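The sequence and structure come first.

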Amino acid sequence: MTRVKRLTIMILAVAPAIMVGCAGQPKHVAEPPTETEKASDSVVVVMGMNSEPEAGFDPAYGWGAGEHVHEPLIQSTLTATTADLQITNDLATDVGSSDNGLLWTVKIRGDVTFTDGEPLTAADVAFTYNTVKNTSSVNDFTMLDKAVAVDDTTVEFHMTRPFSIWPYTMAIVGIVPAHAYSPDYGGQPVGSGRYMLKQWDKGQQIILEANPDYYGKAPQMKKVTILFMSEDSSFAAVKAGEADLAYTAASFAEQAIKGYSLFSAASVDNRVLNLPAIPFDGEKGNDVTSDPAFRKAVNIGLNREQMILAVLDGHGTPAYRACDRMPWYNPNAVVEYDQKAAIALLEQAGWIAGADGIREKEGLRAEVNILYPAGDSVRQALAAECCNQLKVLGIAAAFEGVGWDVAYDRAQSEIMTWGWGAHTPMELYNIYHTMSDTGLATYSPYANAAVDRLMDEALAADSLEKSYALWQQAQEGMIEDVPWMWLVNIDHLYWVREGLAVAEQKLHPHGHGWSIVNNVDRWSWSA
Amino acid sequence: MNVQAKEPARRPNPPRATPRFQINRRQFALILFLLAVLSLTAVAIAGDRCASIAMETDFTQKNLAPCLSHPFGTDWMGRDMLARTLTGLSLSVRLGLLTATASAAIAALMGSAAAMNKTLDALFSWLIDLVMGVPHILLLILISFACGRGFRGVVIGVTLSHWMSLARVIRSEVLQLKQSAYVQIAAKLGASHLRIVLRHMVPNLLPQFLVGLVLLFPHAILHEASITFLGFGLPPEQPAVGIILSESMQYLVMGRWWLAVFPGLLLVTGVLLFGVAGNCLRSLTNPASANE
Amino acid sequence: MRFVAKTSLRMALLLVCVSILAFALVSASPVDPLGANVGQAALGSMSVEQIAKLETYWGVNEPPVRRYLAWAGDFIRGDMGISLLYRRNVALVLAEKASNSLLLMLSAWILSGALGFALGIAAGMNREKTADRLIQGYCALIASMPVFWLALLLLTVFAVLLRVLPIGLSVPIGMESAAVTFADRLRHATLPALTLSVAGIANIALHTREKVIDVMSSDYVLFAMARGEGRRSILRLHVLRNVLLPAVTLQFASISEVFGGSVLVEQVFSYPGLGQTAVRAGLGGDVPLLMGITVVSAIIVLLGNLAANILYGVIDPRMRSGRERA
């Protein structure tokens with residue numbers, strides 16, 4: 001063999017070994033590895049892959065807010081929501097608004113320090129709110145003009161318009177330190193909350209440690225490990241006994257796993273069908289669903305209990321509004337399933353069954369398309385089950401998966417399966433209120449001036465209680481018009497290791513992530 | 001008395017020199033080819049017939065193991081897996097036909113154009129290097145993304161990424177033909193370009209082209225299944241094989257292995273049948289290759 | 001040397017064209033990154049100004065040519081941009097994911113090359129005998145299987161039924177990264193690497209077999225056999241040397257296949273590597289990340305081809321004068 005050949009072959013043989021050796025080095029700075037013993041004050045929780053805050057623990061980039069609202073454990077908030085979604089104070093000692101609703105004055109406690117030793121003052125609060133107003137990628141702060149720190153313990157919020165439910169927004173904004181905030185804050189957060197970030201392995205896990213200087217009750221769980229996995233990996237982790245609490249879906253729930261039990265958290269994570277309420281004008285609207293009798297008929301003609309049994313294996317509750325069981329909910333929205341009454345309504349309105357069983361009114365066939373987002377299996381199943389149930393009523397329905405790029409446009413003229421559920425009444429406003437430029441609601445064409453007016457008044461109300469009453473009044477119009485047909489609230493399911501006492505959960509919002517650990521500091525192990 | 005040569009002793013009923021029905025290799029290839037084509041057509045038709053059953057959901061029947069009424073079991077929405085798989089396979093076969101034909105047409109055009117013209121040839125080799133510089137699946141993802149990720153994206157993506165090797169083959173064939181004696185003689189004798197192409201080139205190209213076309217099918221089908229599996233193709237309620245297999249991934253952990261194994265086996269069988277058909281076609285049209 | 005320079009120039013030009021092609025495809029997409037990434041309930045609670053701000057972030061309204069020039073300018077200076085999904089430097093994201101994939105792809109590449117070569121030779125030398133038929137049948141079967149189905153099968157057998165190997169991911173569940181050993185990484189990479197190798201063997205084996213048959217039917221081998229050379233010596237002296245060149249070319253050409261296979265395999269095993277990132281970037285409309293991955297993989301593939309061309313000259317002295325292949 002020539003020298004060149006021998007050399008080349010030697011290099012080729014050695015290079016892979018070198019590369020493989022390099023690839024095997026652990027990527028992290030070597031911290032002394034802590035043993036994963038089963039301590040009585042540590043817990044391992046598994047969440048979905050989407051729960052990992054890609055942009056870090058920065059309130060401006062979705063930590064605590066956005067698609068899935070939860071308490072930002074690393075930071076403190078001014079207010080907090082209670083188990084029944086009322087407002088209570090956290091950092092704030094006093095919250096008041098001016099008569100015209102354009103000025104909110106909040107007094108905060110003076111004994112709070114960040115984990116780096118610096119005291120938390122009103123200047124930090126003002127800094128936080130002014131920052132999130134400018135940079136927030138997931139929250140709407142257009143109602144805030146500016147936040148001003150009057151002195152060390154008083155903050156003034158100057159609003160651009162009256163916003164009576166401002167405390168609900170304050171409940172999800174974590175306060176960041178002005179002296180330690182930079183674009184890299186997300187990876188090295190400093191806060192005053194119950195926990196500190198100990199370690200973050202991107203794509204794999206987060207380790208939180210209790211904050212020893214916390215101003216409130218000391219956390220009972222000193223170490224919380226959060227793992228991010230897909231549904232089947234989560235299931236595998238539970239079967240291997242590696243997790244203490246792991247999220248799961250209804251399809252896995254029928255399995256029996258030794259040493260674990262199924263924990264079900266009620267939620268307001270709802271699924272709903274929008275029914276376009278205007279006739280088709282070329283762009284928006286739907287001739288079949290624009291008939292108010294049609295909408296009312298299908299609302300009482302759908303068997304929600306059967307849907308829950310079939311699709312969710314019983315792990316759910318019927319939904320009649322976006323905000324079931326929350327303080328601003330109007331319980332008159334509940335309807336009884338009555339197939340006969342539904343058919344009677346349809347026939348009275350002129351929808352007569354033809355030879356093939358499908359109804360027709362003045363030549364228009366009762367044919368609808370139910371869309372669902374292509375990646376979502378629960379919505380797909382709900383759409384399929386709705387189609388089956390509508391067929392019984394004499395309505396021809398087919399279900400179709402669409403990507404989000406076309407979904408919003410197509411939903412203007414077709415039925416689509418949505419998911420909502422937030423801890424603020426603002427969601428009702430966003431769904432039902434008309435936009436000023438089109439005169440119709442945003443996601444599905446609908447307009448009711450009385451509903452609009454009442455919701456505007458609710459926002460301008462001068463107390464939370466008064467605003468709750470106004471929100472409820474506004475819902476009377478929705479009950480009559482049924483522009484959105486709410487289907488189910490999906491229970492959030494978890495496998496829990498025996499012996500772990502999970503503290504009482506407030507109603508989970510949309511999304512199956514961090515809300516389970518809202519009160520992880522109150523969890524405990526029994527023996 | 002006649003002195004006759006004594007005939008050598010013969011066994012009473014000697015076996016025939018050749019058995020009554022002997023199939024030579026060529027006939028065997030032909031029969032195999034016809035069988036493969038027949039099976040694939042049967043699948044395509046059966047799948048089409050099952051289409052409506054494949055879409056029917058019935059949540060009371062969900063997650064059943066294989067049994068008499070549901071030989072492949074049912075899926076998580078209660079749809080019969082056999083009907084769904086057959087429909088999906090039929091869809092794949094038809095999609096494969098469409099994309100492979102389109103791809104082959106592109107290959108024929110590009111290949112011949114490259115052979116005819118020097119600048120086109122340079123452009124051609126540049127284009128091939130360009131397209132092959134990006135890994136195949138990544139190219140498919142990009143094209144499908146550019147077309148909005150639906151059915152159209154899959155068809156265009158698979159069509160535009162398979163023409164290269166066949167085009168190369170056609171190019172070298174046409175180049176060779178251009179130099180061959182009879183073509184040059186025909187040109188000297190005054191035959192028009194068109195006549196040369198039609199009478200001399202096409203009949204010689206056709207066998208290679210057809211074989212290449214049929215051998216494109218398996219690739220087209222596999223890539224279509226792959227890209228659908230990743231989530232770039234049809235919406236999930238459609239019974240495409242890639243979707244069936246990606247849905248089955250969830251249930252493997254729970255032990256429902258039949259949701260992945262049976263549909264996959266049917267797909268592999270389909271692809272194998274296409275491969276068999278292609279190889280038979282090749283040995284039929286190019287007898288020399290039968291002895292490779 | 002001139003040959004290397006010329007090829008490198010051609011490669012650079014090709015890279016530029018690849019990046020333009022990729023960018024054109026990515027910008028032509030009607031996919032709305034907001035809808036794909038922001039989440040329906042969050043989007044539903046945003047004001048119009050908020051949405052406008054997000055659209056600027058995701059680059060929805062800028063003209064494509066300007067965006068490409070900006071991206072290209074940055075890229076040449078080494079800045080691959082910020083990934084919109086991960087909100088970190090694309091280079092960092094790629095480095096992280098690539099180091100995961102490296103173990104996988106390298107081992108699969110080497111294994112499939114070595115095994116494919118061995119099987120191909122075994123098949124070619126024993127033409128028409130049982131070994132050949134078996135190997136041919138196996139290769140035909142593997143070539144007809146989608147890679148991801150093979151992965152699903154192996155997952156079912158080894159991880160679910162037999163439980164000897166982990167179900168997925170690249171590190172054991174819940175272990176702190178400092179505690180992860182190389183053995184753990186190896187365990188988690190075993191099934192994906194195995195799948196990728198098995199899938200790659202078929203192609204290489206079949207091609208090698210054809211080349212071996214070509215060599216065995218040649219005149220000089222006939223002469224060698226007539227001289228009385230034993231099979232083993234024919235193999236060593238004639239077959240190996242003549243098959244090595246095409247085998248090397250094939251091996252380097254299969255880099256592209258390995259990458260493609262890894263995209264599918266990583267999806268099945270939830271292995272956080274380059275392939276899975278490519279899929280996420282594609283589904284989510286993350287333009288900088290998608291461009292970064294495309295260009296990096298194109299570089300790897302083209303480098304592979306360059307290496308093959310250089311090795312040509314090393315292995316076959318006839319090639320050293322710089323003559324290009326016909």
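## Chain B overall

Of the 292 residues in chain B, 48% count as buried (20 or more other C-beta atoms within 10 Å of the residue's own, with C-beta atoms placed from the backbone). This is a predicted model, in which local features need pLDDT of at least 70 and side-chain atom pairs count only at pLDDT 80 or more, while totals for chains, interfaces and linings use all residues. Residues are numbered from 1 along each chain as its sequence is written, and chains are lettered from A and ligands numbered from 1 in the order in which they are written.

Chain B contains ten helices and zero strands (DSSP runs, numbered from the N terminus: helices are H or I with at least four residues, strands E with at least two). Its radius of gyration, at 26 Å, is well over the 19 Å from the globule rule for 292 residues, so chain B is more spread out than a compact globule. That radius is taken over C-alpha atoms, and the rule is 2.2 Å times the number of residues to the power 0.38. Along the principal axes, the C-alpha atoms of chain B fill a box of roughly 95 × 70 × 30 Å.

## The sheet in chain A

Four strands of chain A form an open sheet in the order S4-S5-S7-S6, with antiparallel pairing; pairing requires at least two DSSP bridges between two strands. The edge strands, each pairing on one side only, are listed here.

| Edge strand | Residues |
|---|---|
| S4 (chain A) | 92-97 |
| S6 (chain A) | 144-151 |

S4(A) and S5(A), residues 103-108, pair over five bridges in the antiparallel sense. Asp94(A) stands opposite Lys107(A) in S5(A).

Key: Buried ≥ 20, exposed ≤ 12 C-beta atoms within 10 Å, placed from the backbone.
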